[in-house]
Amino acid sequence: MQQFCRSELETMIARIAAGDRAAFGALYDATSAKLHAVCLSILKDRPEAEETLQEVYLRVWQGAARYAVNGLSPMTWLITIARNRAIDRLRARGSRPIAVVNSRDPLAPDLAETLPSAEPGPEAAAIASQQRRMLADCLAQLSDPQAGAVRAVYLEGWSYADLAAREGMPINTVRSWLRRSLLRLKDCVDQ
């Protein structure tokens, strides 16, 4: 996977806003592994993460014109879209009825045999492992309360209000605290 610098990603997003499908394909190739990892870390379900990733890129295609070079990195913008879509899906999951499989159904064992493995391939597992190590190293540079807050909101799907209640802090203080933590993580990841 080719690595692109910030300005190249910003150029791709600008070209996508103009309807450039080749730029969209290039952006997908450059960022899909990382965004899939974001979705998977929140949803803990590979097929659901893949569906969410499709929704993310649909939003990118539709919203590229709204992206403006404003000091935030394009990866921050993309990761925010992925995180928000995954959290929305996670919250919607709680309102869906759970399907019950009839174990007496003679087709049930056959169906189980035809399902593809949810295990990642060797390359995907290696990339995910490297990303987990990098994130763990960067989170270790934060104080324990800050690292716990980042994990709760961005990896486990907590709302700012839930975290503020847990910490006994005003919600705006929590937002500021998380923003500073994310900026430190961004600096760490960019190194």
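1. The structure, a predicted model, holds one disulfide (a pair of cysteine sulfur atoms within 2.5 Å). The bond joins Cys138 to Cys188, with an S to S distance of 2.1 Å. Helices here are DSSP runs of H or I with at least four residues, numbered from the N terminus.

2. The link of Cys138 and Cys188 is left-handed, with -80° about the S-S bond. Both Cys138 and Cys188 are buried, where buried means under 20% relative accessible area, exposed over 50%, and partly exposed in between (1.4 Å probe, protein chains only). Cys39 also counts as buried, because its relative accessibility is 0%.

3. Gln146 is found in helix α7 (residues 144-155). Its relative accessibility is 12%, and Gln146 therefore counts as buried. Leaving aside residues up to four places away in sequence, Gln146 touches Trp177, Ser181 and Arg184; contact means heavy atoms within 4.5 Å.

4. Asp88 belongs to helix α4 (residues 74-93). This residue counts as partly exposed because its relative accessibility is 38%. Asp88 and Thr52 are 36 residues apart in sequence, and their C-alpha atoms are 9.6 Å apart in space.

5. On the basis of these values: residues are numbered from 1 along each chain as its sequence is written, and side-chain values use heavy atoms, with hydrogens and water left out. In this predicted model, local features need pLDDT of at least 70 and side-chain atom pairs count only at pLDDT 80 or more, whereas totals for chains, interfaces and linings use all residues.

How values were computed:
Helices (H or I, at least four residues) and strands (E, at least two) are DSSP runs, numbered from the N terminus.
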